[in-house]
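Hello,

Here is the structure we discussed handing over. My notes on it follow below.

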Amino acid sequence: MRADLHCHSSASDGTRPPQEVVARASAAGLDAFALTDHDTVAGIPAATAALPPGLMLISGMELSCRRNGYSLHLLSYLFDPDQPELAAQCVAIRASRVDRAKTMVGKLAELGTGVTWGQVAALAGDGVVGRPHIARAMVDAGVVSSIDEAFTTDWLGPGGRAHVRRYALDPAEAIRLVHAAGGVAVLAHPFAVTRGWMVPDDLIAELSQTGLDGIEVDHPDHDEEQRDALRSLARRLGLAATGGSDDHGELTGDRIGCDTTGQDDLDALLERASGAAVITR
Ligand SMILES: [Zn+2]
Ligand SMILES: [Zn+2]
């Protein structure tokens, strides 16, 4: 069993439409994959329509959270997206993403970069707007030479001249909401410093007490040592240890299936989820 439990599409900041993500998951020989766009399940219908026989689709979402000023991401799976409390929070987070992106573009304009909201909105299309769209507009405008450079603390990174905070949930509250909607919650890439900060062990233990179901252990931004440490932590806390590519299409280099979740850990998650069924054809 190879299940990639972390994939983005153009419904958020991935560059591939959901149906192309499905085609790539299938070509990678996966048995299952989860579509986990930021704060939205808008890509699920198109992914479902494109699903070939034999490939399982797990509906998911990567929820934006914050604790003590630090951003962290919560992968949530198989929840009922229409559960009113969770749905309302997702609407609030998405609205705040748009406000924030506009404010960031305003700051970039003040800095004389020439990046406009029109460019960023065109790159986001129907997807949930995010910093990667702004970063791409900056590259296109010749302000920076790479997406990574746009994400430094000079520009869009925390404390950067064009950085703006947005609304986010406390992770304990987010876990509660996901559970209330029948889903399961997995802490995304806890040690990927480039994507936020090293989530401290004591916070992971606290979230485990709150009902966290798993930890994303195998992620491209984790080195072997970090994977070993997280795997033992997951085992110690009785949490599933998951893996996923965090593929964003061209943005990350197409890499669906480069990190995956094994049968036992996937089963442990599926067993606990009741808000939605795994989608198959
Ligand atoms: Zn993330
Ligand atoms: Zn992600």
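His6 and Glu62 are both buried. Please keep in mind that this is a predicted model.

**Zinc ion (ligand 2)**

The protein donors here are His6 (NE2), His8 (NE2), Glu62 (OE) and Asp246 (OD), at 2.1 to 2.2 Å from the metal. Along the chain these residues follow the spacing H-x1-H-x53-E-x183-D. His6 belongs to strand E1 and Glu62 to strand E3, so this pair ties together parts that are 56 residues apart in sequence.

Why is the arrangement of the four donor atoms around the zinc ion (ligand 2) irregular? Their angles at the metal run from 80 to 172 degrees.

**Zinc ion (ligand 1)**

Three protein residues supply donors to the zinc ion (ligand 1): Glu62 (OE), His73 (ND1) and His189 (NE2), lying 2.0 to 2.1 Å from it. Their spacing in sequence is E-x10-H-x115-H. Glu62 is also the bridge between the zinc ion (ligand 1) and the zinc ion (ligand 2), and the two ions lie 3.5 Å apart. With Glu62 in strand E3 and His73 in strand E4, the pair ties together parts that are eleven residues apart in sequence.

Are Glu62 and His73 buried or exposed? The cut-off for buried is under 20% relative accessible area. Glu62 has 1% relative accessibility and therefore counts as buried. His73, at 13%, counts as buried too.

**The sheet**

An open sheet is formed by seven strands in the order E1-E2-E3-E4-E5-E6-E7, with mixed pairing. Strand E1 (3-7) and strand E7 (240-243) are the edge strands, each pairing on one side only. From one strand to the next the twist averages 35 degrees.

At the E7 end, E6 and E7 pair in the parallel sense over four bridges. Asp218 stands opposite Gly243 in E7. H9 lies across E6 and E7 and runs at about 155 degrees to E6. Helix H10 (residues 263-272) lies across E1, E3, E5 and E7, at about 110 degrees to E7.

**The cores**

The largest nonpolar core has 32 residues, and those with the most contacts inside it are Leu63, Leu72, Leu74, Leu86, Leu207, Leu212 and Ile215. Several helices and strands each supply at least two residues of this core, including strand E3 (56-67), strand E4 (70-77), helix H3 (84-110) and helix H9 (224-237). H7 gives the most, with five residues.

What does Leu207 touch, leaving aside residues up to four places away in sequence? Its contacts are Leu72, Pro171, Ala172, Ile175, Leu187 and Leu212. Apart from this core lies another, of 18 residues, among them Ala124, Val129, Val144 and Ala150.

Regards

Definitions and conventions: Residues numbered from 1 in each chain as written. Chains lettered and ligands numbered in written order. Predicted model: local features only at pLDDT ≥ 70, side-chain atom pairs only at ≥ 80, totals over all residues. Heavy atoms only, no water. Core = buried A, V, L, I, M, F, W, Y, C linked by side-chain atoms within 4.5 Å. Buried < 20%, exposed > 50% of the residue type's maximum accessible area, 1.4 Å probe, protein only. Contact = heavy atoms within 4.5 Å. Donors = N, O, S within 2.8 Å, 3.2 Å for Na, K, Ca; no water. Pairing = 2+ DSSP bridges. Axes fitted to C-alpha atoms, helices over the stretch in contact; angles between N-to-C directions. Tetrahedral: all angles 85-135°; square planar, octahedral: opposite > 155°, others 65-115°.
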